[in-house]
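Open the model in your viewer and keep the sequence panel beside it.

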Amino acid sequence: MTAKDKSDVWHSINSIRKHIFSLLFNEEINVGEWTILESISAKNSCSEKNACVSDLHSEMMISKPAVSQILNSLEKKGLVTRELHSQDRRKIQLALTPYAEEVIRKSKEKSNKIFDEIAERFGQNQVEQLVLTLNKLASVLAEMDNNSAQETGNR
């Protein structure tokens, strides 16, 4: 792969991410904020255990200060609340506000419309090829990540 190819791939990935988030949130929420909202939502809906601040940094592989900064932003936007854990007062539980739940619901509706339009413009064959290519890329990256973690003894 040439240096130009590498640059083009990187630019395309960033451009796709930027445009998807712009279409979904009109730049009101950034990628980090969305990722944390999704994580809180998944954890709170799939288990008896509510999401805690301490869980996020290890699950998302970002620093505690970065998680704290993102949570501060989400709290200011009225999307999350923090409370002391009822059984372990060292932990801080996270909850989505009704506004956050509405944002998530609307984003899912918008994403369905976005992907319907993409499918309409691409056609079924190109959509299937795109899915295969993206799945292959995800698989290669996961394998590389796993190998890297084994080499460094992380995770």
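Select Lys and Arg as positive and Asp and Glu as negative, leaving out His and the chain ends. The chain has 21 positive and 22 negative side chains. The centres of the two sets lie 5 Å apart. Each charge is placed at NZ of Lys, CZ of Arg, CG of Asp or CD of Glu.

This is a predicted model: local features need pLDDT of at least 70, side-chain atom pairs count only at pLDDT 80 or more, and totals for chains, interfaces and linings use all residues. Residues are numbered from 1 along each chain as its sequence is written, and side-chain values use heavy atoms, without hydrogens and water.

Now show the C-alpha trace. Along its principal axes it spans about 50 × 40 × 25 Å.

Next, select residues 98-122. This is helix α5, with 25 residues. From first C-alpha to last, α5 reaches 36 Å, close to the 36 Å expected at 1.5 Å a residue (1.5 Å times one less than the number of residues).

Show side chains on α5. A100, V103, I104, S107, S111 and I114 are buried (under 20% relative accessible area, 1.4 Å probe, protein chains only). Across the chain, buried residues make up 24% of the 155 residues.

Finally, step to G123. This glycine follows α5, and its phi is positive, near 90 degrees.

Conventions: Helix = DSSP H or I, 4+ residues; strand = E, 2+ residues; numbered from the N terminus. Buried < 20%, exposed > 50% of the residue type's maximum accessible area, 1.4 Å probe, protein only.
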